[in-house]
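Open the model in your viewer and keep the selection panel at hand. The tour goes from one chain to the contact between chains.

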Amino acid sequence: MSVIERLTGDFARLPGIGPKTALRLVHHLMKGSKEDTRRLSRSLLDLSERIRPCDVCGNFSEHELCEVCSNPRRDGTVLCVVEEAYEVGAIEGTGQYRGLFHVLGGRLSPLDGVGPEELNLAALLERIRRSEGEIEEIIIATNASVEGEATAVYLDQEIRPMGPRVTRLARGIPVGSDLEYVDGSTIAQALAGRQEMSI
Amino acid sequence: MRLNGLAIRHFRNLGSQDLELPSEGVALIGDNAQGKSNFLEAIYYLETFRSFRGARDEQLVAFHEGVFRVAGTLQERDTGRSMKVAAAFEKKGKRKKVSVDGAEPDRMGDVLGRLAAVIFSPADVELVSGGPRERRRFLDIVLSLSEPGYLTALQDYRKILVRRNASLKDGQPSSVVVAWDSGLVGSGARVMRARRDWIEQRCGAFRDYYQEVSGGIGAQMRYRPSVTLADAACKEDIALAFRDILAASGERERRMGTTVVGPHRDDLLLRLEDDAEGLDLRAYGSGGQRRTAALALRLVEARTIRETRERAPLILLDDVFAELDGGRRERVLALMEKEEMGQVVLTSPKESDVKIRKDSLPRWRIEAGRITA
Ligand SMILES: [Zn+2]
C-alpha cells in the first residue's frame, strides 16, 4: 500500500471524514510546506505520547494531574460527572463552572456490554469517601439520552447514601445530544438551573 | 388531502411510472399477481414510510435495481396548498431518505401521516385472529399518526426496554437493572395512557361500525393492559401502578431474563356483545365476524384521522370486498358512502366489484405492473 493510500485510509477513519475529504486533506498536505506537515506530525506524536488520563478525574492531561485538578483555586466541594473527557472542555468553555470534574469514560450501555464495572466509577465513589464530607455536591452531566438518564439514576442511587447532594443538569440540553455539540450559553443555563435528582 | 400525482421508480414490479390521479379516486382492475397491492403499498409508503404488508425496505426495491423512489404531490382540499412528499431507499447502503417539499426532516416522526390515508386489506383479519403483537402494532400506528408525542414515547420505551432486558439477561445486579426503571415507567405510562384514552374514546364508534356492517349484534373493544389500571387513572397514577408491579415482578423477571410487565405486553380485547360474557372474537369468532371486526377497526382509524387531522382521509381498499358475503358488502359500501371519505383508490380483479361512489370511479387497468388509464 502506498503512503498516500495509507494516510488517506487513516484520515477516512476519523469521525466526519469520508474518503473524498480524506484524499483532499492528503493532497493539501502534499502541496503545502514541508515544515507545516512536520509540525502536524510532531503534534500527533505528542498527542499520543504525552496526553494521558488525569490520575484523579480521568480528564485529558499532560501530567499526573490535569489543569483543573492541579488548580488550587478550583472549588473542591462540587464535582461534575461527565461521560467523556472531551465534555470537560465543553463545560470549561462556558467559564461559569469553578468546581472539579470526574470522567466516567462512557455510560451504562448493556447492548455494548458496558456495566458499572466498565466505567470509571469505583474511583468516583472512592473520591467521595476519601473527601470525608468535603465534596458537598455531585452534578451529574451525563447526556440526555436513555442511556445517559439511566446512568444518572444509577449514580444517584450509589452516591446519595454517601452524603453529597446529587443534582442533574437542567433540561434544555436537546435530548440525545452530546454536550460537545451544545453551545456554551445553553450549557451555562443548564448548569445554573440544575436540580436535585428525583426518581 | 388529495393525491394528485404519483411518481414511482423501481418499486416492486411497478417500474417507472408517472401517474395523475383523478380527484374522486380510481379503481384499479387487474388479475392477481399483476401488482395491484404493490400500487397501494407504494401510495401508503408515503404515509408511514414503511410497507403496510410488513415487508422490509430491501424487498421493495425492484429486482436488479439498487434504489426505489416514490413521490406524491398532495393538495389540501380547503386551501389548495400543495405539498410534495417523497421517499427513497437505497439497497446497498440501506439508506432511507424522506423529504417534504425537498427538505429532509430531523426525525421521521415529524413527517408521518402527511397523506392522511387508511388502508383496508384482506390481511387485516390478522388484527383480530392474530396475536396481541398485531393489535399493538395497529394501536401504535394509529396513535403515532394522531397523537402528538406518542411515537417519541414509544421509541424511548422500546430503547429502554431492550437495554433493561440486556441487563437482566446479563445477570447484572438489581441496582443496575432498576436504573432503567425511571425511564421505562415514564415513557411506558405515556404509551399506556394514550392507548387507554384512545380505546375508551373510540369504543362506541367501534360498536356502531361493527353493528352496521354485521347487520345484527354489536361488538366491543376493550383495553387489556399488562399493568392493571384503576378507572380514570391519570398519568401519574399509571406510572405509580407500573412502578409497583415492576418492583413486585423482580424475581420473576430475573428468572425469565426479561421484563415481564409493561405496555409491550398489552392487548386490545375484541368481544361480541351477544351476552354478558362476550365471546372473544379472536378465539371464537367466525370468519365473517373477524373480517367485520377488522373492517370496524379500520373505519375507527379513518374516523380518528378525520377528527384529529381535520381532513377527509384518503381511503385505500385492497380488494377487501371479495371475501365479504353479499349482505356485509352492501352494508360496508353504504357505510362508506355515508361517512365523509376523501379520495378512494381501490383494487379489484373484477369490474363488477367496484360499486363504491355509485360506481363512478374511473377505471384503470394493471398488467405486469404497467398501469393504463
Ligand atoms: Zn483531573
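Two residues are in contact if their C-beta atoms, placed from the backbone, lie within 7 Å. This is a predicted model, where local features need pLDDT of at least 70, side-chain atom pairs count only at pLDDT 80 or more, and totals for chains, interfaces and linings use all residues. Residues are numbered from 1 along each chain as its sequence is written, while chains are lettered from A and ligands numbered from 1 in the order in which they are written.

Select chain B. Among its contacts between residues at least 6 apart in sequence, 70% join residues at least 24 apart. Colour by pLDDT, the predictor's confidence in each residue, from 0 to 100. Chain B averages 92, and 98% of its residues score at least 70.

Switch to cartoon. Chain B shows 13 helices and 13 strands (DSSP runs, numbered from the N terminus: helices are H or I, at least four residues; strands are E, at least two). Its C-alpha trace spans about 65 × 55 × 40 Å along the principal axes.

Next, select both chains. Here 15 residues of chain B are in contact with 13 residues of chain A. On the chain B side, pick α5 (150–169), α6 (174–177) and α7 (181–214), each of which supplies at least two residues. The largest share, 7 residues, comes from α5(B). For the complex, the predictor gives an ipTM of 0.81 and a pTM of 0.87.

Finish on chain A. Select domain 1 (3–50), then domain 2 (60–196); such bounds come from an automatic or database domain assignment. Their C-alpha centres lie 33 Å apart.
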